[in-house]
Amino acid sequence: MLLGAVLWCQGVWGYSALLTGLAIAPGPLLVPPVALRIGPAVARFGAGRIALAGTVVFAAGILWWAATLDTGPSYATSLLPGMMLTGLGVPGPRTRCRAFRHGWYAVAAASLLGACATVPLTRKPRPGAAESPDTAGAAKVGAA
């Protein structure tokens, strides 16, 4: 995802390395504050549901890029929103757009597959299901 954003900014929009770094910084800068404050949500909803939501939001950001980025620099309306939610060898700008879009669709699809993998983690365990057979047996022996 980050590599695609860097290649896009430099290869399609012609940004310098410094401007590219500044352009992609908002997404990664959101990670620490969110990570520091996500604990209560994990405790309330479970890690699986939070992981599911995170992978879907990530895919939405990538799909935003695929739908809105064009050869004309439109950072505030295209790259930044996709970053906030997180084919250089091909000739011609329009062909580059197509190549990047295919890549972003692939990343979004992989992210949604990741979301599917988190679905089993969203189910609440049945009462008593958390006990292992060894623990249950030890409790019965201790009670006798």
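Here are some notes on this structure, point by point.

1. **Ground rules.** This is a predicted model, where local features need pLDDT of at least 70 and side-chain atom pairs count only at pLDDT 80 or more, while totals for chains, interfaces and linings use all residues. Residues are numbered from 1 along each chain as its sequence is written, and side-chain values use heavy atoms, with hydrogens and water left out.

2. **Overall layout.** The protein chain has eight helices and zero strands. Here helices (H or I, at least four residues) and strands (E, at least two) are DSSP runs, numbered from the N terminus. Reading along the sequence, you get α-α-α-α-α-α-α-α.

3. **Surface.** The accessible surface of the protein chain is about 8,800 Å², and 71% of that belongs to carbon and sulfur atoms. Areas come from the Shrake-Rupley method with a 1.4 Å probe; for residues, only the protein chains shown count as cover. Of the 144 residues in the chain, 22% count as buried. For this label, buried means under 20% relative accessible area, exposed means over 50%, and partly exposed is in between (1.4 Å probe, protein chains only).

4. **The nonpolar core.** Which residues have the most contacts inside the largest nonpolar core? They are Trp8, Cys9, Trp13, Trp65, Leu69, Leu79 and Trp104, in a core of 19 residues. α1, α2, α5, α6 (75-84) and α7 each supply at least two residues of this core. A nonpolar core, by the way, is a set of buried Ala, Val, Leu, Ile, Met, Phe, Trp, Tyr and Cys residues joined through side-chain atoms within 4.5 Å.

5. Have a look at Trp13, which lies in the loop between α1 (2-12) and α2 (17-24). Trp13 is buried, at 8% relative accessibility. Setting aside residues up to four places away in sequence, Trp13 touches Trp8, Leu69, Asp70, Thr71, Gly72, Pro73, Ser74, Tyr75, Ser78 and Leu79; contact means heavy atoms within 4.5 Å. Trp13 and Asp70 are 57 residues apart in sequence, yet their C-alpha atoms are 8.9 Å apart in space.

6. Thr71 sits in the loop between α5 and α6. With a relative accessible area of 23%, Thr71 is partly exposed. Thr71 and Val12 are 59 residues apart along the chain, and 6.1 Å separates their C-alpha atoms.

7. **Helix α5.** This helix (residues 47-68) has 22 residues and reaches 31 Å from its first C-alpha to its last, close to the 32 Å expected at 1.5 Å a residue. The expected span is 1.5 Å times one less than the number of residues. Gly48, Thr55, Ala59, Gly61, Ile62, Trp65 and Ala66 are buried in α5. They cover an arc of only 150° around the axis, so they are on the same side of α5. The arc is that of the directions from the helix axis to the C-beta atoms. Beyond its neighbours within four places in sequence, Trp65 is in contact with Met1, Ala5, Ser78, Leu79, Gly82, Met83 and Trp104.

8. **Helix α6.** Which residues of α6 are buried? Ser78, Leu79, Gly82 and Met83 are. Seen down the axis of α6, its buried residues fall within an arc of 105°, so they line one face of the helix. On the other side, Ala76 and Thr77 are exposed. The buried residues pack against α1, α2, α3 (26-37) and α5. Take Ser78: it is buried, at 1% relative accessibility. Not counting residues up to four places away in sequence, Ser78 touches Trp13, Trp64, Trp65, Thr68 and Leu69.

9. Thr118 is in helix α7 (residues 93-118). Is Thr118 buried or exposed? Thr118 is buried, at 9% relative accessible area. Neighbours within four places in sequence aside, Thr118 is in contact with Gly48, Ala51 and Leu52.

10. **Cysteines.** A disulfide is a covalent bond between the sulfur atoms of two cysteines. With a disulfide taken as a pair of cysteine sulfur atoms within 2.5 Å, the count here is zero. Cys9 is buried at 0% relative accessibility, whereas Cys116 is exposed at 52%.
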